[in-house]
Amino acid sequence: MENKEGKTDKNEYSAVHQFINRKYGKASKCENLLCKSKSPKRFEWALIKGFKYEKKRENFMMLCPSCHRNYDYTKQHREKLSVAKKSN
């Protein structure tokens, strides 16, 4: 469920991730065909861009932490973090 800014509520975010883990198990591989990680020790479920946080497997993909970070941290996200750090 999104709030008025169009962002996912933290409780909903947690609930969806818990559901995905229970229903489909822990992420077990990196589905990024261009992954350069040699032998990651863990994997994460990542929301596919353009999809909503819903309890649907097709809305998520499995990624290693490196690929997940690269996928989520776009130029726009990095700029927001930079502005936030400067204001502190």
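A disulfide is a pair of cysteine sulfur atoms within 2.5 Å. The structure shown here holds zero disulfides. Cys30 is in none, and the nearest cysteine sulfur, that of Cys67, is 3.7 Å away. For Cys35 the closest cysteine sulfur is likewise in Cys67, at 3.7 Å, which is too far for a bond.

The model is a predicted one, in which local features need pLDDT of at least 70 and side-chain atom pairs count only at pLDDT 80 or more, while totals for chains, interfaces and linings use all residues. Residues are numbered from 1 along each chain as its sequence is written, and side-chain values use heavy atoms, with hydrogens and water left out.

The chain contains three helices and two strands, arranged along the sequence in the pattern α-β-β-α-α. Helices (H or I, at least four residues) and strands (E, at least two) are DSSP runs, numbered from the N terminus. Of the 88 residues in the chain, 22% are buried; buried means under 20% relative accessible area, exposed over 50%, and partly exposed in between (1.4 Å probe, protein chains only).

In soluble globular proteins, nonpolar side chains tend to be buried together. A nonpolar core is a set of buried Ala, Val, Leu, Ile, Met, Phe, Trp, Tyr and Cys residues joined through side-chain atoms within 4.5 Å. The largest one here has eight residues: Val16, Ile20, Ala27, Trp45, Leu47, Tyr53, Phe60 and Met62. Two or more residues of this core come from each of α1 (10–24), β1 (44–47) and β2 (60–63). A second, separate core has six residues, including Cys30, Met61, Leu63 and Cys67. Beyond its neighbours within four places in sequence, Ile20 is in contact (heavy atoms within 4.5 Å) with Gly25, Trp45, Lys55, Lys56, Arg57 and Phe60.

Charged side chains supply a further set of links. There are three salt bridges, each defined by a side-chain nitrogen of Lys or Arg within 4 Å of a carboxyl oxygen of Asp or Glu. In one of them, Arg57 pairs with Glu31, their closest N and O atoms being 3.1 Å apart. Because Arg57 lies in the loop between β1 and β2 and Glu31 in the loop between α1 and β1, the pair ties together parts that are 26 residues apart in sequence. Arg57 is partly exposed, at 23% relative accessibility, and Glu31 is partly exposed at 30%. Arg42 bridges to Glu44 with closest N and O atoms 2.5 Å apart, and Lys56 to Glu54 at 3.5 Å.
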